[in-house]
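Hello,

Here is the structure for you to look over. My notes on aromatic pairs and salt bridges follow.

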Amino acid sequence: MADLITVARPYADALYGLAKETGEEDAWEKALQTLAAVVQDPQAQQFLDDPERTAADKVEVLSVAEVAVPKEPWRAFLALLIGNDRWSAAGEIAALFAADRRAAMGTVEVLVKSAVALDAGQKAAIEAALSRRFGSRVAFHDEVDPALIGGILVQAGDLTIDASVRGQVEQLARTLRS
């Protein structure tokens, strides 16, 4: 996963710079999401992996998808992906582009895992607390992970806040071993 992020980051950053310069962030984000969905298709993967197909054929197939970005930069981007055999990073490029866009808007992406489903009041309280903690808007996502036993686990970029029972038990075990 880290290798894929390393591969995808320069593409996402360059495309975000282009999109911001032209004011087409929304169109590029949608185009990248479309590309990510296309390359997830098993038939598309088989076609893109086929050494008998030329790079031009692969670019032509990928450029058929209806996108609202200028054709020349889009085709140049696709040619670069295909030429460098980086098409499999399309999903990560789309995710990083979206993250760059949210960061530029001052929004922090946060995933909150809990042992049981959170109700609307709990979500609102956690979101408000995280918004104060980060000093910006929070894009709140939650999921249930019964392995936590209780409490929550918050992930925001590189930051992890573990307030779960499982985390406390693991910390206690580390303390007792030392």
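Y11, W28, W74 and F77 form one aromatic cluster. Rings of Phe, Tyr and Trp (its six-membered ring) pair if their centres lie within 6.5 Å; planes under 30 degrees apart are stacked, over 60 edge-to-face, the rest tilted.

This is a predicted model: local features need pLDDT of at least 70, side-chain atom pairs count only at pLDDT 80 or more, and totals for chains, interfaces and linings use all residues. Residues are numbered from 1 along each chain as its sequence is written, and side-chain values use heavy atoms, with hydrogens and water left out.

The whole structure holds 4 aromatic pairs. Among them, Y16 and F97 sit edge-to-face, 5.4 Å centre to centre, with 70° between the planes. Y16 is in helix α1 (residues 2-22) and F97 in helix α6 (residues 90-104), so this pair ties together parts 81 residues apart in sequence. Helices are DSSP runs (H or I, at least four residues), numbered from the N terminus. Both Y16 and F97 are buried. Cut-offs: buried is under 20% relative accessible area, exposed over 50%, partly exposed in between (1.4 Å probe, protein chains only).

Now the charges. There are 9 salt bridges, each a side-chain nitrogen of Lys or Arg within 4 Å of a carboxyl oxygen of Asp or Glu. One of them joins R101 and D26 at 3.5 Å, N to O. R101 lies in helix α6 and D26 in helix α2, so the pair ties together parts 75 residues apart in sequence. R101 is buried at 18%; D26 is partly exposed at 38%. A salt-bridge network links D26, E29, K30 and R101.

Best wishes

Key:
Helix = DSSP H or I, 4+ residues; strand = E, 2+ residues; numbered from the N terminus.
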